[in-house]
Amino acid sequence: MDETVKFFFQRRETDNEIQIELKTAPFYLLLAMIAGWLAVSFILKSNEAGSVFLPILIGFIMLRFFALIKAQKEVLGAMKDKRLTTKGSKFSFSNPFVYIIQKKAEHAETEK
């Protein structure tokens, strides 16, 4: 499962912050799979091919969901504590979307 997680995001940790970089390629792969399913099902009007493609699409969506759930819990906790900043774009390969979470000890010292 660890290799699967690395396909969807990369987590880096320093002394004072945690960076979670969402990979751009899986997002575009998902869009391509949806476009492929729509093309096969509606443009080519092939129900058989569409019914084979749809479970693969649903499986990929579920895999992405479960791979990102741990990171999303961490992000939601940091958001609640107001320790979260973001940068980048989920559409850009050169400037990927990154969550930056300040660690609690560092955050508590800056508030005092």
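Two residues are in contact here when heavy atoms of theirs lie within 4.5 Å. The views below show a predicted model.

**Figure 1. The sheet has four strands in an open arrangement.** Their order across the sheet is E1-E2-E4-E3, with antiparallel pairing. Strand E1 (9-13) and strand E3 (84-87) are at the edges, and each of them pairs on one side only. On average, neighbouring strands are turned by 20 degrees against each other, with direction ignored. In general, the strands of a sheet pair through backbone hydrogen bonds, and the pairing is either parallel or antiparallel.

**Figure 2. Strand E3 pairs with strand E4.** Strand E4 spans residues 98-102. The two strands run in the antiparallel sense and are joined over four bridges.

**Figure 3. The largest nonpolar core holds 18 residues.** Which of them touch the most other members? They are Phe 8, Phe 9, Ile 20, Leu 22, Tyr 99 and Ile 101. Two or more residues each come from helix H1 (2-8), strand E2 (17-22), helix H2 (25-43), helix H3 (47-80) and E4. H3 gives the largest share, seven residues.

**Figure 4. Leu 22 is shown with the residues around it that it touches.** Leaving aside residues up to four places away in sequence, Leu 22 touches Phe 8, Phe 9, Leu 68, Pro 96, Phe 97 and Tyr 99. Among these, Phe 8, Phe 9 and Tyr 99 are, like Leu 22 itself, in the group that touches the most other members of the core.

**Figure 5. Helix H3 bends at Ile 69.** The bend is about 45 degrees. Eight names mark the buried side chains to find along H3: Gly 50, Leu 57, Phe 60, Ala 67, Leu 68, Ala 71, Val 75 and Ala 78. Against which elements do the buried residues of H3 pack? Their partners are H1, E1, E2, H2, E3 and E4. After H3 comes Lys 82, which has a positive phi, near 60 degrees.

**Figure 6. Two stretches carry the label "transmembrane region" in an unreviewed UniProt entry.** The annotation covers residues 27-44 and residues 50-69. The chain over residues 27-44 is 94% helix and 0% strand, with 25 Å between the end C-alpha atoms. Over residues 50-69 the figures are 100% helix and 0% strand, and the end C-alpha atoms lie 28 Å apart.

How values were computed:
Residues are numbered from 1 along each chain as its sequence is written. This is a predicted model: local features need pLDDT of at least 70, side-chain atom pairs count only at pLDDT 80 or more; totals for chains, interfaces and linings use all residues. Side-chain values use heavy atoms; hydrogens and water are left out. Two strands pair if DSSP finds at least two bridges between them. Axes are lines fitted to C-alpha atoms, for helices over the stretch in contact, and angles run from 0 to 180 degrees between N-to-C directions. A nonpolar core is a set of buried Ala, Val, Leu, Ile, Met, Phe, Trp, Tyr and Cys residues joined through side-chain atoms within 4.5 Å. Buried means under 20% relative accessible area, exposed over 50%, partly exposed in between (1.4 Å probe, protein chains only). The bend at a residue is the angle between axes fitted to the seven residues ending there and the seven starting there. UniProt positions are given in the numbering used here, feature names are shortened, and annotations may be inferred rather than shown by experiment.
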